[in-house]
Amino acid sequence: MGHHHKTLTVKTKRVLGLFGDFDEAFEVIADIRRYKVPGLTVDDVTLKSPIEHPEIEDVLGERPSNVPKFAFWGSLFGLVFGFLFLASAQANFLAQPSGGKPIITIPSNIVLAYEMMILFGVLSTLVGFIIGAKLMRKSTGLYDTAITVDQIGIVIEVADEQEQPLKDLFTKHNVIEVHEETLS
Amino acid sequence: MPSLLGNIFKGWADYSKGNEEGGHHDYEHMYALVIDLDRCTGCNACSTACYAENNLPVVGEDKFGARQAMHWMRVERYFDEPDMDPDMGPDTSNIEDANETGTQSRGASFLPMMCQHCNAAPCEPVCPVGATYHTVDGLNAQVYNRCIGSRYCANNCPFRVRYFNFYDNSESWPAPMEQQLNPDLSVRSKGVMEKCSMCLQRTRAARDTAKREGRELKDGDIQTACQQTCPTSAILFGDLLDEASAISKVWKNHQVKLGTYKQDKENPELRGYRIFEELNVDTKVLYLERVREV
Amino acid sequence: MTTKIDRRNFLKVLGLGGAGAALAGCDMPSYATMEEGEEQVFSYLAPEEYMVPGIGIWYASTCLQCAAGCGVHGRVREGRALKLEGNPDTAVNKGKLCQMGQAALQTHYNPDRITKPRIGGKEATWPEALAYIKANASGAPVWLTGSIGGHQAVMLDTHLSASGGGKHYAVETVNAQAWQAACADTLGDAHPELHIDKASSVLSFGADFLGTWISPVKFMTDYGEFRGAPRGVLTVVEPAMTLSGANADHWVAARPGSQAAVALGVAHMLATEYAVSTSALPAGAVDAIVAMTPERVSELSGVDAKTLSKIADTLMSNHPSLVIGDGGYETAAAAMTLNLMLGNIGATITPGVELIPADLGVRGGSTKALADFASDAQAGRIGTVFITGTNPVFTAPGGLMMKDALAKIDLKVAVALFEDETTQMCDVVLPLASPLEDWGTHVPPSGAGRGEIHVQQPLMEKLHPDVLGLGDILLGLSQDAGADGLADFDDYYAYLRTAISAMIGTDLETAWQAVLQAGKVQAPAADRVFAANGALTTNVPETNAPTAGQLSLITTARQGLFDGRHANLPWLQEAPDQISKAVWDSWAEIHPATAAGLGLKDGDYVTITSDNGAITTRVFLYKGVHPDAIAVPMGRGHTHYGRYATGIGVNPLSLLDGTADGRTGEFTNTTSVRVQATGDNRHLVRLMDVDRQYGRKLAATISADQHRRNQGGA
Amino acid sequence: MSAQQNLPHKHLTQDQVKDIDENIEWAKINADVLRSMENPRRGYWVAMFISVALFSIMIYAEVHQYIYGMGDAALNTSHMWDLYISTFVFWIGMSHSGTLLSAILHLVHADWRKPIYRFAEAMTTFSLLTAGIFPVIHLGRVWNFYWVMPYMSDRGLWPNFRSPLIWDAFAITAYLTSSVLFLYIGMIPDLAICRDNAKGWRKKLYTWLSLGWRGDDAQWRNFRFTYLMIACLLIPLAVSVHSIVSMDFSMSIMPGWHVTTFPPYFVAGALYSGCAAIITLFILLRYFFKFEHFMTMPILDKVCKLTFVIAMVWTYLNLVEFASVWYGHDIPSKEVLLAKASGPYSPFFWAMMFFGSVLPFALLSQWIRRNMYVLFFVSVFLNVGMWLERWMIVTPTLSLGYHPQAFNVMWPGWVEWAMVGGSFGWFGMLFLVFVKVFPSVSMYEVKEMVYHRKRTVYEDVDEMMNLHSGVPGPGPGPLPGSPPTPAPQSTGGI
């Protein structure tokens, strides 16, 4: 299979192309994927869209999200911590003799540990989401309010020589608007 | 942190050891009652003595009618028989002349009803803050300061012997009546559950007296207020763990054992029985059946 | 004023201050503190005598809630009486108390107590009051009291003799005069000693010995033995169920007033069926028994022959028996005939005891004295009256017109604990010390303890400074009236010490402490001897079915509000009635069949009218009352008796017409009344909304022969 | 759009099949939903006034009860619990519909939930906040309610973990936290839209709330996983919460409560009353905010059918409980059952049976499902039936029980009625505030639904896009140009 070598070009500019027609946008990405613009791979592409596009995953290639890992370990921690916390609380409740009945009551601890498992699962999923989606960060890069209405945006960081071929590709797929900014 | 985990395993060890040696083992006493219904004349002295000893408020007609009264002990009066078919018409008298113009051919049966201090009390596991628990004396303790008034315990008590302070009942002691209040136990505030404590303050006093005199508690040291004043001595309090005590003899004579929900007596004609035994709550008040001259 | 109570200012109120000291006192428990040791903290330098914070002291005294005079141990802490328990050493109650005894604390601490003397409703001081009495006294003063005995009675007689020989009227609505008259006539001893614990069967005709008759706690303690192994059989014949009836193995409803007929019917059954000799009976009794055939009995009382034979059979198969009767001389006399026939004399009825200092004996109250007082007052023979320990305006039958009688007396002085209907009509009201803060001696009427006199000592300081004890008042009045020999006693306590030491003949110092600690002193006494069969007149009153639309009202007494004196005690108002379980209101007990006849259902209001008045109260339906009777318990219906009793319930005594019994002059407690429904209905507030067990095994019973088979298992 | 479609309740044409008109412009979606958040009209203020009035009654009743004690709630020795607990269970029940709609239907890819899951999820949160009031106010000593929480107390005291009330505390706090997070996370893209169109304080609020959402594909991907994970966690949580709420009763030994089918019975009851509430709010929001284009008739149709199914499940479980008591030998339980049917509470019992089991059959008729007015009242009475059901579980058992001394018929005191009424005021207040501050229809989800519906009309779109990841080179077939968009068919009214 033909392969290319990444030339160490210096990225100087970031270009945002807005497309009204989603299929045109996907065409652009498909072209980039086919190296229509020399030196650009599909990994440089950032797709901005008003809705979720699970079907674009195939085109954009493998970009894993570790939210499920957070959820799993969070739940597991919740379960273990919950049970230990409850058991130690009951064991240290010295002021309440139980008249010979069990001190650490397994059935009730199971119920409560189950609740703690889910609570910590949800909280850790939230943490995973915030980390994974790099939320709450200083907003960098180009943005256009049309993205939250009905247009798809494609953001790519390009070197000087790649800018014009990219723009030509955009215009080929009747881009509505192009913004650009120079990387600091 | 080490003591935190240490206690867990210690707790588990104690509990498991308890299981091997045949059930509950860490009781120091097992206080219980015997009430001989044949001696009980229903004179209500026990209930009034309980009012005097335990600072029970008087709530007046309206609240009594709304069933918000605070009598820890109530003497119930029945004219019918338990095995009589419940819907045999209103207020049937006894067996022979149950016809309309017939009158009672026998007196009533009286039943002093108070907290039964069950060993498997249904009220203990359901209290959210652990305000009621089973003490090592075998009593069902009600900690007034810890109670937040969720009232689940009263709902779960099959005997309905838990009473809730629906109001602040301090107007039931206008000056100088409040000087009669017994300082050995608290005056409960609004929002707190209370019930017969088997005169915990008298038990404590007897134990302190014994400790100060340097001797073990012996049978008869502790008398509950109701037992003390019952004119026909129908009520007997004692420690079941003390084999020599009078109460242990009565429980043994009537072949009634703790820890079961059905007694298998060799002589079924013995009078001793426990109320709602089939609920497996393991009550600690043994009632002796009233005798009926047929 | 209602104070909001919480732990902190609760101690401050008593001027104690400081945190509760955790003292291991003789009675005081150390609080459930986590650490083992106790701290002893004394908050001030010189505590009063015996007054150490946290330490409970027990004092022996006497309960005066009814005439029985049970011995009492009062628990006192920080100078406050907290709890009363029976005195184990007094033979009357052997350490036990009834609910009235337990509620004596509320009589003492009652917020509605009179605290200052009053003249015509205005507060005054003691000197002014005594001066007013001296100024307005006209003629020899008389005393109207309840049952009174011991040295107070002696002091009262001294005052009467010193001030012109006025009479002493001792009044008790609930009394056993009929029984005592019958005993006096047949045995020559009005106060024989009854031994229920030795009897193996008891037959009672309307004598509520477990509830209100003579000495209830003594009989209840004996009843405890009676029910022990071997178990005795109790039969009760009465028109409406009393506490004794509620514990009867065999309860018989007899038409009101017909108990004498039933008793004689049983005697007839014994003589004919069981050939019991009637030789021991005086002549008059025998032909009365012969005349009382079973048909006559059922016509008079509604009790059929089968029941009579069952009662006779119980008496015959359970020997020795004891037959008691009250509520009319004929019933008591008929009961005594049965005792004579069954040979109970000497077995369960033994001679009483005669106190050597005879003047200490109990002046037993009666309703005849009330009738005499009323007639003397109407005739203007009374100028000045001192009233204490009774409330005649409330307890007098309507027919006696007590208010007009009192109006005719110039000077009326009340010596009372509470404002009540009688003190309203009195010119001078003197505040009386409560039994728990006063000195005195009392002789138990039941004669238990063979001459045992109970001492009454104060458990605490006086709650209200201006009150005086009855003894002190009598001493003051006697000294004022110039009685000799009393001059050198400055208070009743001094008089009492010398009187008791003179009686027991030992020097005072050592004996006095022992007497106070025991709460009793053994007075010299001689056993009486029964006289051979004295005269016995038994004419049975005519009691056939009441005319249509009429029922016979019965005023029953209950061990709680008694005759109305305890209506102002909240514990007793809220204590559910022993039979109906009703609280805080009156009710009329009626048989379901009679109620159906009148179209009544539970909780309906009825107006009960007699010739002397009308009351309106709710009906309570149950089968423990004879179909021809309607029973209304006395005790409530006060118009003026403090916050707990005023305007609560109705007073059935006002309906009675005051017809007197031939031999004893006692009022009968029944009268015929008309009963109409008023139409409105309100749920009668009771402890139990339902009376049945719905098949649950709550109050189970076992047959007697099963019990006897394993008697050992008692 | 033809004029006929704009009339809100015009009777629909027979061939109405589409859940949503897939040719709706996305900008219109944004505009419609954002318009619903502008300054409120008169109807809004009337509703807000009523809610605040009811809530202030509740405040007055609670202050009265705080000062004088629980007695005025007419509770007594036998009836320690009454309307507080039954209304608590009712509100917890209402909250499970949001979870059902947003989590379960999300997992099964029923995308007709997309326009309506937002307000259902909001209803979950607010009915939980309403339910949370009752365990606190029914305490005798309200000021110590925090003792239920397992905090490290220096007196060595802990709550009693055996008690179902503690399980309640744990379950409800866990459920409240996760449903608030679920609502909030699901709303982040919408908040971004609001941020881009808002001004003034709203802009600051939405900027802060949208956590810097920029629509990047990485954000969307993590969002999709997060949403899926929380949905997976929320479903077992919702089931466990209402099982635990039912354990308040089934863990006791009282006849009529000690029933093993209570957990599933309560969960079914919860979903049932939740769906009925969704129908009610569906109609209200659709009427007040003119959301005809999103809250379309087919979606309402599907919710009604779902409600009917769950109603039948609930009816089955209800009758199973009665049958097991009827054929069992437990005398006290049989007494309670007979007393429910014939005793003093029987009118409410039969009302519950009618509203709970008979009324849902009305949902089978298409006419009713299409007629907004009738359906509104049907759904309200379904919920009345469910409220009665909770009451009929609590009170008849307490009016009988084991000891005859406890037999007593009790009717709630005015304080209880005030609290129950006030709780609806509190819920209304929360919902009205939510509707004006946050978008009550999920804009990006509607866009997805429209986009999805548009694409499936054209089957071949998938082939075009089916380039398999992992193959670095270009896909097998040439990328054809975009297919011609078909002429818009007559879509009938929405």
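## Largest cavity

In the largest cavity of this predicted model, the lining residues divide into 22 nonpolar, 23 polar and five charged. Here Ala, Val, Leu, Ile, Met, Phe, Trp, Tyr, Cys and Pro count as nonpolar, Asp, Glu, Lys and Arg as charged, and the others, Gly among them, as polar. A cavity is a set of points on a 1 Å grid over the protein atoms alone where a 1.4 Å probe fits but cannot get out; lining residues have an atom within 4 Å of a point.

The volume is about 1,000 Å³, taken as the space filled by probe spheres set on the points, which are joined across faces, edges and corners. The lining holds 50 residues; among those nearest the centre are Leu64(C) and Arg565(C). Strand E16(C) gives the most, with three residues. Strands (E, at least two residues) and helices (H or I, at least four) are DSSP runs, numbered from the N terminus.

## Second largest cavity

This cavity holds about 170 Å³. Its lining has 17 residues, with Trp587(C) one of those nearest the centre.

## Chains A and D

Three salt bridges are counted between chain A and chain D. Each is a side-chain nitrogen of Lys or Arg within 4 Å of a carboxyl oxygen of Asp or Glu. Lys48(A) pairs with Asp216(D) in this way, with the closest N and O atoms 2.5 Å apart. On the side of chain A that touches chain D, H4(A) gives the most, with 16 residues.

## Conventions

Residues are numbered from 1 along each chain as its sequence is written, and chains are lettered from A in the order in which they are written. Local features need pLDDT of at least 70, side-chain atom pairs count only at pLDDT 80 or more, and totals for chains, interfaces and linings use all residues; side-chain values use heavy atoms, without hydrogens and water.

Definitions and conventions: On a 1 Å grid over the protein atoms alone, a cavity is a set of points where a 1.4 Å probe fits but cannot get out, and a pocket is an open set with protein on both sides within 12 Å along at least five of seven lines; lining residues have an atom within 4 Å of a point.
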